[in-house]
Amino acid sequence: MYSWLFLAVLPLPALSVLDKTHGVPPSLLTKYVPTNSASGTGQTWTCLDGSKQISWNAVNDDYCDCPDGTDEPGTSACPNGVFFCKNAGHIGSTIPSSRVNDGLCEPECCDGSDEAPGVCPDRCKALGEEYREKAEAERKLRKTGSKIRASYIAFAHKEKKRLEGTLVDLEQEIATREKEVERLADIAKRTESLSEKELERKKQSPLYQSLLTHHTALKSLQHEHKKHLEREKVLGEILDALRTGYNPNYQDMAVLEAVRGWETLAGLPHINNVRKGEDEDSAAAETPQSPQEDKKEDEEDGLWSAERTERELNKLLNVDHVTLLLEHEKVVGEPSSHSILVDVTAYLPESFIPPYLAFRENLLSWLELLGIKAGSSDSSSEANRARQALSDAEHSLKLTRDELQTAHEDLSDIFNPEGFGTEGEWKKLDGLCLEKDMGEYTYEVCLFDEARQKPNKGGSSFSLGKFTSWNKLAEPGTPEYYTRQRYTQGAKCWNGPQRSLELILTCGTENVLLTVSEPEKCEYQITGTTPALCLPVEEKRDEL
């Protein structure tokens, strides 16, 4: 009884004497040690900034003595102090000293040490267990994902080795082809010199001049045709947007006529029938004659389809008119088959070709002089074949050089920090297409290529942009740099900007798209996961 009365009359600080290291982080514990004063009057302690020396008893006495506030790590006396919560069983944390003993249980201090004993419950054990379970699940996810990522890196190294071998082979092939071109060029030069005057005479024919005129006309028509196709594509996108977005309740007859006209031209069902849930095929069956039916009628009349026109027109424009002229001369002026002597050069060593050509010319001249062989266009036809052989060889050489350049570019991109990553972990995913069905639309992202928005109920798909860069706000080569991909310069929105997309990626065991949103008009954001972002797991574990 009397003992309780004695405690009741003690001052409050006597009941709440704090440990001198209360609120001190583990890294600073060694600095909170008193020293004996030189005068022997007691123990002292120096502020951590070295500005002042105070009595050891003044530490954590709820009065701020040090300018840097380090003498009150466990109270709220110093406004610039910092309090450390030990959070035994979980992870330690720090809060501003101003939030100590304010009557509120701070979420950062799950052990309740920021308030007087008994005020806040100790929740660290439960929170620690929950944290460890989540951390373990994430560790397993990263461990599995990192194994897949390692296979991506192994693929990159195999691809690097393959490309290096390809480069060696292509360089050897180019050297061989260059020699062949040089040889054929020499043959063509010698054979063409025999028929150059004759060829110039034949070029003055009306047939050849007409061919040149038709070539110019076809090239001009192709140029205009491409301009009309580009304009038709843009107009089609505008009308598709108008068709799906207009409100029939407004009774705007001009818009309605435009929509119905486009549906008739494009062979589409009326949008109102589609909105009512009718089957696309049955609705389309009621529409007038479609462009496909017009296409069949044109083919029945002997006209080319648009696809065939595009394909065959390029072939016509690439025809060598000199070769065509000589072939024509050969057909109309040489009824019999050519002599076997013409092709002998293909079987002779290179050093034997010049003397053979001289011998052959002399022989043919004697045969013509004696009347055994009539004069013909053998020299022209041989020049034609020599030119064609040279042209084919030069074309093959160009293709091989282009292939070599592409291989060099592919090789340089594999381990480029701004390309497929410093370890080449993204090379495996080059061109991989991922899809996410969102009901009305399916969104497709082909990595490092193009993103598209495809309607699920018919209609044209829209480009959301092509790959342009990684995360520009991060340093190339850092993990954060590869968490975002930008796709820009997509199809233009109706009365809006060009469509664009940002792909946000995190570590996962699968390459998959998760969510699709449109934060701003025509600016899309898609989230997804990929093993390429799962860095190797460090086996070191925190002791809680």
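User: In the hairpin of S12 and S13, which residue takes a positive phi?

Analyst: Cys 522 does, with a phi near 65 degrees, and two residues lie between the strands of this hairpin. Strands here are DSSP runs of E, at least two residues, and helices are runs of H or I, at least four residues, both numbered from the N terminus. This is a predicted model in which local features need pLDDT of at least 70, side-chain atom pairs count only at pLDDT 80 or more, and totals for chains, interfaces and linings use all residues. Residues are numbered from 1 along each chain as its sequence is written, and side-chain values use heavy atoms, leaving out hydrogens and water.

User: How many bridges join strand S12 to strand S13?

Analyst: Two strands pair if DSSP finds at least two bridges between them. Here, six bridges join S12 (residues 512-520) to S13 (residues 523-530), and the strands run antiparallel. Leu 513, for one, has Gly 528 in S13 as its bridge partner.

User: Which residues of H5 are buried?

Analyst: Buried means under 20% relative accessible area, exposed over 50%, and partly exposed in between (1.4 Å probe, protein chains only). In H5, Val 259, Trp 262 and Glu 263 are buried. Seen down the axis of H5, they fall within an arc of 100 degrees (taken from the directions from the axis to the C-beta atoms), so they line one face of the helix. Ala 254, Glu 257 and Leu 265 are exposed on the other side of H5. Just after H5, Gly 267 takes a positive phi of about 70 degrees.

User: Where is Asp 71 placed?

Analyst: Asp 71 sits in the loop between strand S3 (53-55) and strand S4 (82-85).
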